[in-house]
Amino acid sequence: MRLVLIRHGESEHGRRGLVAGPRGCPGLTQRGREQARALRRRFADEEFTADVLLSSGTPRAQETARILAPSVYAQEVLVDCDLCELHPGEGDGLPIGEFAARYGSFDVQAEPNRVVAPGGECWNDFVTRVRRTTDALPRRFPGRRVVAVSHGGFITWAFLTRFDVPRPGTGAHLNPSYTSITEWEYTEPNGPWALMRYNDVAHLE
């Protein structure tokens, strides 16, 4: 199986300083749409196709996936909320400052089991979800090429959990770019995973 993780395009929530899960996300900026169209052109030029096109449950990811769909010949975009960033619960859609005022600061190293807001996730639950989701994809789509439009945090933690990096975030960090390509190959039936490319943004250069 090939797993091609795409970060969504530039989003309005980042520009406006919002905490944006599935409900509070206002979608892509115009620049974000242009980034997604650049990736679509690249896929078309390379005759890159996919058997499955997935998206997280946020509008910014779904909008990116819909832009890409014609170039990868996907009949539909399958929404999977397990591809989302950490779920913010009741804080979804709040400005970052208001979120912090209501629910306090969030130190993942000191309090990895504290839920960020009522109805949301703690950091350890998010990391567990990322691992569980990537573990399940080869069973769901054996032998297929899967394109999944997701988020910087999900892509980063897929990387870290696959390599079993100890105490991540204490020395350096990863920061995949908007519409970047990170590609994994899973050797069936029992692995291992191999990283084929990370943060490929040649279409934006």
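Two strands are taken to pair if DSSP finds at least two bridges between them. Helices (H or I, at least four residues) and strands (E, at least two) are DSSP runs, numbered from the N terminus. The structure is a predicted model, in which local features need pLDDT of at least 70 and side-chain atom pairs count only at pLDDT 80 or more, while totals for chains, interfaces and linings use all residues. Residues are numbered from 1 along each chain as its sequence is written, and side-chain values use heavy atoms, with hydrogens and water left out.

An open sheet of six strands is present, in the order S3-S2-S4-S1-S5-S6 and with mixed pairing. Strand S3 (78-79) and S6 stand at the edges with a single partner strand each, so one side of each has no neighbour in the sheet. S1 and S5 run antiparallel and are joined by five bridges. Across this pairing, Arg2 stands opposite Glu185 in S5, and Leu3 stands opposite Trp184 in S5. S1 also pairs with strand S4 (residues 145-150), in the parallel sense and over six bridges; here Val149 in S4 is the bridge partner of Ile6. Five of the six residues of S1 are buried, where buried means under 20% relative accessible area, exposed over 50% and partly exposed in between (1.4 Å probe, protein chains only).

S5 pairs with S6 in the antiparallel sense over five bridges. The two strands form a hairpin with six residues between them, and Gly191 in the turn has a positive phi of about 85°.

Helix H2 (residues 30-45) has 16 residues, which at 1.5 Å a residue should span 22 Å; the end C-alpha atoms are 23 Å apart, which agrees. The expected span is 1.5 Å times one less than the number of residues. The buried residues of H2 are Gly32, Gln35, Ala36, Ala38, Leu39, Arg42 and Phe43. These residues cover an arc of only 155° around the axis, which puts them on the same side of H2; the arc is that of the directions from the helix axis to the C-beta atoms. The buried residues of H2 pack against strand S1 (2-7), helix H3 (59-72), strand S5 (181-186) and strand S6 (193-200), with contact meaning heavy atoms within 4.5 Å. After H2 comes Glu47, with a positive phi near 55°.

The structure holds eleven aromatic pairs. Rings of Phe, Tyr and Trp (its six-membered ring) pair if their centres lie within 6.5 Å, and planes under 30 degrees apart count as stacked, over 60 as edge-to-face and the rest as tilted. The rings of Trp123 and Phe126 have centres 5.3 Å apart and planes at 55°, so this pair is tilted. Both residues lie in helix H5 (residues 123-140), three residues apart, about one turn of the helix, and both Trp123 and Phe126 are buried. The pair of Trp184 and Trp193 is edge-to-face, with 6.2 Å centre to centre and 90° between the planes. Trp184 and Trp193 are likewise buried. One aromatic cluster is formed by Phe159, Phe163, Trp184, Tyr186, Trp193 and Tyr198.
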